[in-house]
Amino acid sequence: MNADRTKKQHQENPDQVANYSHATNLQIVECVVEDRKIRSRKHFNAAYKGYFRRMENDERYMKEALAEARKALATDEVPIGCIVVWKERIIARAFNRTEQLKDFTAHAEMQAFTSASEFLGNKYLNECTLYVTLEPCVMCSGAAFWTQLGRIVYGAKDIKRGISGFSNRILHPSTEIIGGILETDCAELLTHFFKQKRNKR
C-alpha cells in the first residue's frame, strides 16, 4: 500500500492507525503529522474568525454604551455610559447621574448592575458582560466583584482612578477584563466635556 492510500485511510479513521500493519512506520508517521497540521490549521482559522467576530461584537456594543454616555453629556454630567449584555441581549443601560441625583455612588456601572440584577432576578451577573466607556473605578470594580461579573469591556483608560492603577485582585477571579475598545471615541467625548468646562470658567 502506498503512502497516499495509508494517509487517506488514517484521515477517515485516525484511531485505527495502529492497525496499519502493512504500511511502513515512516508512512504512518507522515500521515499522522500531516493530519495534525490540518487539524491545527482548522483550529487556528476557527480561533482567528472567533476573535474578529468577538471584536466586532465588542465594538457594536461599545457604540451602545457611547450612546448612553452622550445622554450624560446632554444633561451636563461627566459623559460615561454603559450597558450590560446577557446572551447577546442588552438587559441594562445607564449613564452617569452623580450631579442629577446628588449621589457620588450614582456611577453608570452601579446603576447598570442594579438594573441587570432586577431583570435577571439574580444578584449574580456571571453570564453577563459590562460595556463601559471609561475604565471602572475601584468602587465599581468592587461592586463587580460581588456580582461575579463575567466580563468587563471598557473604552478609554482612566489613568488616575481606573482599576488597572490599583490591583485587578479587586475584581472577581473569574472576571475577564479588556480595554481599548473604541478608545479614541470614548476619550474624545470626555476631553470635549472637560474642555467646555474649563472654557466656561
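A residue counts as buried under 20% relative accessible area, as exposed over 50%, and as partly exposed in between. In this predicted model, Q148 has a relative accessibility of 27% and is therefore partly exposed. Q148 belongs to the loop that connects α5 (138–147) with β4 (151–156). Its phi is near 55°, a positive value in a residue other than glycine.

L182 likewise is not a glycine and has a positive phi, of about 50°. This residue lies in the loop between β5 (176–178) and α6 (183–199). Because its relative accessibility is 17%, L182 counts as buried. As background, most residues other than glycine have a negative phi.

## The five-stranded sheet

The strands form an open sheet of five members with mixed pairing, in the order β2-β1-β3-β4-β5. At the edges are β2 (89–95) and β5, each of which pairs on one side only. Ignoring direction, neighbouring strands of this sheet are turned by 15° against each other on average.

Strand β1 (residues 81–86) runs antiparallel to β2, and six bridges join the two. Within this pair, V84 has A92 of β2 as its bridge partner.

## Helices across the sheet

Two helices are described here in relation to the strands. Helix α4 (residues 108–120) lies across β1, β2 and β3 (128–134), and runs at about 145° to β2.

Helix α6 lies across β3 and β4, with an angle of about 60° to β4. The loop containing L182 is the one between β5 and this helix.

How values were computed: Residues numbered from 1 in each chain as written. Predicted model: local features only at pLDDT ≥ 70, side-chain atom pairs only at ≥ 80, totals over all residues. Heavy atoms only, no water. Helix = DSSP H or I, 4+ residues; strand = E, 2+ residues; numbered from the N terminus. Buried < 20%, exposed > 50% of the residue type's maximum accessible area, 1.4 Å probe, protein only. Pairing = 2+ DSSP bridges. Axes fitted to C-alpha atoms, helices over the stretch in contact; angles between N-to-C directions. Contact = heavy atoms within 4.5 Å.
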